[in-house]
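Welcome! Here is a short briefing to read alongside the sequence and the 3D view.

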Amino acid sequence: MLGDPEHDEMIAVLKAIAEKVGTPSAVLVISAHWEAKIPTITSGSAPGLIYDYSGFPPESYEIQYPCAGEPRLAQAVNQALSDAGIKAQLDEQRGFDHGLYVPLKLMYPETNIPCIQLSLMNSLDANKHLAVGAALQALAWDHLLVVGSGFSFHNMRAFFSEVSG
C-alpha cells in the first residue's frame with residue numbers, strides 16, 4: 001500500500017480475491033488486532049479509523065478509508081451469537097483498526113461497501129472462537145464477505161530471532 005516491493009505478492013493476492021468474489025453487499029472483518037473480554041461488534045454508522053500501530057512512515061497515519069458502518073448487520077451478528085448462547089456486545093463508538101482498512105483499501109478502494117468489525121476474545125480460547133464461527137454460519141445476509149484479518153503475533157523481531165540456549 002505504501003509502495004514496499006515486499007508487499008507486492010500480498011497486494012496481488014488480495015486484489016485477485018476481490019476480483020474472484022465480486023462486490024459484496026457488506027463486509028464483516030474478524031480482526032486479530034482487536035481483543036475484548038467478550039465478542040464485541042462495531043455498530044456505528046460512520047466509524048472513524050484507529051491508527052493502532054507505531055514506528056511507520058508518516059503517510060501510514062494519513063491512510064483514509066471512509067466506508068460506512070452497517071448497524072443492521074452488527075445487530076444480526078449480535079443476534080446470531082446470542083442465539084448460540086454466546087454473550088456479545090455492540091460498540092457504537094469504536095472505529096475500524098488496520099485489520100479492516102488495510103486489506104479492504106486494497107481489495108475495494110472505492111469505500112462503497114458497508115463494513116463492521118468483530119473482536120476476538122482476549123482469552124484466545126480456540127473452542128470459544130470456533131463456537132463464534134459456527135454461530136456466524138446462521139447469519140442470513142446476502143452476499144456477505146467475512147474476512148479473518150491480522151496476525152496473532154506482532155513482535156516480528158522476536159518472532160524471527162534465534163532462541164538462545
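Helix axes are lines fitted to C-alpha atoms over the stretch in contact, and angles between N-to-C directions run from 0 to 180 degrees. Helices (H or I, at least four residues) and strands (E, at least two) are DSSP runs, numbered from the N terminus. This is a predicted model, in which local features need pLDDT of at least 70 and side-chain atom pairs count only at pLDDT 80 or more, while totals for chains, interfaces and linings use all residues. Residues are numbered from 1 along each chain as its sequence is written, and side-chain values use heavy atoms, with hydrogens and water left out.

**Helix pairs**

- Helix H2 (residues 71–83) packs against helix H4 (residues 126–136) at an angle of about 115 degrees, and their axes are 8 Å apart.
- The crossing of H2 and H4 is right-handed; a crossing gets that name if the near helix is turned clockwise from the far one by less than a right angle, and is left-handed if anticlockwise.
- Val77, Ala80 and Leu81 of H2 meet Val132, Ala135 and Leu136 of H4, where contact means heavy atoms within 4.5 Å.
- H1 and H3 pack at about 70 degrees, with axes 8 Å apart, and are therefore roughly perpendicular to each other (65 to 115 degrees; under 35 counts as roughly parallel, over 145 as roughly antiparallel and the rest as oblique).
- H1 and H3 also cross in a right-handed way, with Ile11, Leu14, Lys15, Ile17 and Ala18 of H1 meeting Pro103, Leu106 and Met107 of H3.

**Nonpolar cores**

- A nonpolar core is a set of buried Ala, Val, Leu, Ile, Met, Phe, Trp, Tyr and Cys residues joined through side-chain atoms within 4.5 Å; buried means under 20% relative accessible area, exposed over 50%, and partly exposed in between (1.4 Å probe, protein chains only).
- The largest nonpolar core has 21 residues, and Val27, Tyr65, Leu100, Leu104 and Tyr108 touch the most other members.
- Helix H1 (8–21), strand E1 (26–36), helix H3 (98–107) and strand E5 (144–149) each supply at least two residues of this core, and H3 gives the most, with 5 residues.
- A second, separate core holds 18 residues, among them Leu81, Val132, Leu136 and Trp141.

**Helix H3**

- H3 is mostly covered, as 8 of its 10 residues are buried.
- The buried residues of H3 pack against H1, E1, strand E4 (115–121) and E5.
- Asp97 caps the N-terminal end of H3, placing a side-chain oxygen 2.7 Å from the backbone nitrogen of Gly99.

**Arg94**

- Arg94 sits in the loop between strand E3 (89–91) and H3, and is buried, with a relative accessible area of 15%.
- The side chain of Arg94 makes a polar contact with the side chain of Asp97 (3.3 Å); such a contact is a pair of N or O atoms within 3.5 Å, where within protein one must be able to donate a hydrogen and the other to accept it, and residues adjacent in sequence count only if both atoms are side-chain atoms.
- Arg94 and Gly44 lie 50 residues apart in sequence, yet 7.6 Å apart in space, C-alpha to C-alpha.

**Thr40**

- Thr40 belongs to strand E2 (residues 40–42) and counts as buried at 3% relative accessibility.
- A polar atom of the Thr40 side chain lies 2.9 Å from the backbone oxygen of Ile38, and the side chains of Thr40 and Gln89 make a polar contact (3.3 Å).
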